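Please view the sequence and the model together while reading.

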Amino acid sequence: MKSPGPSQELDPHTGRDLDPMLRDLKSLPMVSPSADFEQSVLDRLAAEPDAGRRGGKRFVFQEFLFKGSRLGVLSGSLAVVFLLILGIRFLQSPETRHAAPDLHTTPQFVPSPPTSVPQTPVAPEREAQPRQNEGAINGISPQLKRNVPPAQYQFLYRSDNTPGGHGAGSGEADAPNPSSANPTEAEDALKDVKANISDKADQAAPAAERSEKMRETQPSSTDESRQRTAVGGAVEFKNEYTPVQGKDSGLLKTTDSTRAAKRAADTQRVGK
Amino acid sequence: MNLRSASDEDLARLLQADRKDALVELMRRFKDPLMSYIFRYIGSMNVAQDVLQEVFIRMYQKRDTYKSCARFSTWLFTIAGNYCRSELRRPWTRFSRPLTWKPDAGDEEYLPLVDGEPMPDRVADNAFKYRYIQKALVQLPPNYREAVILCDVQEFSYEEIAEITGVSEGTVKSRIFRGRTMLRDLLKDIYD
């Protein structure tokens with residue numbers, strides 16, 4: 001430890017001459033406390049032998065809580081309360097509630113009572129309530145089916161669809177009980193179905209005639225029925241076109257028939 | 001036993017035996033070095049005086065923990081260093097330390113001179129330089145500042161500084177080297 005007096009000119013660690021800065025550091029003047037310093041320490045020790053141990057500048061938790069930082073504790077509590085309110089409001093927001101809809105509280109579609117004319121209820125929008133209409137048949141949700149008595153339920157079907165055709169439903173949905181239905185309304189529905197089938201058959205007939213004519217004038221090809229046979233460098237197309245029957249009748253499966261026929265004619269010309 | 005001629009360790013043993021005169025003699029011996037160390041470290045005269053008082057009170061309270069195998073000065077400077085470090089962590093000390101201290105604040109003017117120090121005229125010549133050195137010291141990081149003060153101002157050995165600061169000798173050397181480099185950079189207007 002440095003003793004009061006002239007500072008050394010040599011570095012005690014290296015033994016070399018000190019540079020000016022280190023020499024000045026060593027020659028920094030001593031600083032003394034006040035003259036009655038010793039007496040003030042003795043007085044303090046006599047007055048409070050435990051001085052410095054309790055109170056003073058030591059950290060005391062009770063002081064921190066009740067004296068030192070009341071403002072900090074208060075503002076911290078307010079911040080916590082504010083965050084709690086924010087969290088509760090977030091949980092109650094519509095977006096959060098829509099993430100997991102409650103079927104018990106969500107209003108469901110209630111069909112109107114059946115009248116003399118068969119009514120087809122409009123199916124609720126699938127985009128708006130995707131979970132509610134999950135597994136729906138013909139736009140009728142399973143929940144709705146459960147709520148409708150069997151006698152009324154058969155009128156919820158559309159007249160142009162036969163029940164059970166999709167095979168997705170079960171029980172009452174797939175096989176309505178005819179004995180419990182109104183016979184007059186059932187007959188009307190059957191008539192509608194028959195009329196629909198006859199209309200489609202009428203539409204299919206001219207389409208078949210048209211395709212037959214095209215087959216005679218130009219050879220057409222389809223991807224399914226195309227058969228290639230190489231004869232002397234020429235390519236011969238054997239077309240087996242069958243007009244589509246049923247509800248898709250009138251449509252030609254070969255949408256590129258004209259282009260294919262053109263390509264075949266070109267190939268034959270090159271072969272010659 | 002003549003207390004004036006007794007060693008520091010003997011006085012410490014007397015202090016452990018509740019001899020108040022040993023306490024007075026120890027305060028007389030160490031108040032100036034400790035005051036200089038604390039003032040250079042903290043940078044405020046008023047805070048340094050309060051800290052010095054607390055250091056002596058703590059020395060008296062912890063006298064039983066001193067082991068005679070260690071040097072008493074090292075033990076006492078360890079107490080002072082710990083107190084200074086905790087004091088620097090306090091916000092009121094941190095904010096009032098380098099910002100309020102100005103070369104013209106008059107801190108040096110009322111620093112009482114110790115017997116054996118240079119004459120007042122020489123002090124007046126060097127006053128400008130000392131103020132700048134003190135201002136540069138308080139701008140060093142606390143770890144480097146402590147090492148530089150203990151080594152270059154208080155002239156402790158590396159081993160003693162390592163014991164006071166609680167780090168290895170290699171760390172002490174590194175801190176002293178870096179502190180001196182930074183200090184030289186801060187004082188280049190004076191020494192270049």
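**A buried tyrosine and its setting**

Tyr37(B) counts as buried because its relative accessibility is 0%, where buried means under 20% relative accessible area, exposed over 50% and partly exposed in between (1.4 Å probe, protein chains only). The model is predicted, so local features need pLDDT of at least 70 and side-chain atom pairs count only at pLDDT 80 or more, while totals for chains, interfaces and linings use all residues. Residues are numbered from 1 along each chain as its sequence is written, chains are lettered from A and ligands numbered from 1 in the order in which they are written, and side-chain values use heavy atoms, with hydrogens and water left out.

- Tyr37(B) belongs to helix 2 of chain B; helices (H or I, at least four residues) and strands (E, at least two) are DSSP runs, numbered from the N terminus.
- Apart from neighbours within four places in sequence, Tyr37(B) is in contact (heavy atoms within 4.5 Å) with Phe77(B), Ala80(B), Gly81(B), Glu146(B), Ile149(B), Leu150(B) and Gln154(B).
- Tyr37(B) and Gly81(B) are 44 residues apart along the chain, and their C-alpha atoms are separated by 8.8 Å.

**The two chains**

- Chain A has nine helices and two strands, in the order α-α-α-α-α-α-α-α-β-β-α from the N terminus.
- Chain B has 10 helices and zero strands.
- Of the 272 residues of chain A, 23% count as buried; of the 192 residues of chain B, 53% do.
- Chain A exposes about 19,400 Å², with 56% supplied by carbon and sulfur atoms; accessible areas come from the Shrake-Rupley method with a 1.4 Å probe, and for residues only the protein chains shown count as cover.
- Chain B exposes about 9,100 Å², of which carbon and sulfur atoms supply 51%.
- Among contacts between residues at least 6 apart in sequence, 41% in chain A join residues at least 24 apart; in chain B, residues 24 or more positions apart account for 64% of the contacts with a separation of 6 or more.

- In soluble globular proteins, nonpolar side chains tend to be buried together.
- Helix 2 of chain B packs against helix 3 (residues 45–61) of chain B at an angle of about 140°, with the axes 9 Å apart; axes are lines fitted to C-alpha atoms, for helices over the stretch in contact, and angles run from 0 to 180 degrees between N-to-C directions.
- Residues making this contact include Leu34(B) and Ile38(B) of helix 2 of chain B, and Leu52(B) and Phe56(B) of helix 3 of chain B.

**Thr74(B) in helix 4**

- Thr74(B) lies in helix 4 (residues 72–89) of chain B and counts as buried because its relative accessibility is 2%.
- Not counting residues up to four places away in sequence, Thr74(B) touches Glu160(B), Glu163(B) and Ile164(B).

**Positive phi in two loops**

- Most residues other than glycine have a negative phi.
- Asp18(B), in the loop between helix 1 (8–16) and helix 2 of chain B, has a positive phi near 65° and is partly exposed at 47% relative accessible area.
- Glu155(B), in the loop between helix 7 (142–153) and helix 8 (158–165) of chain B, has a positive phi of about 60° and is partly exposed at 21%.
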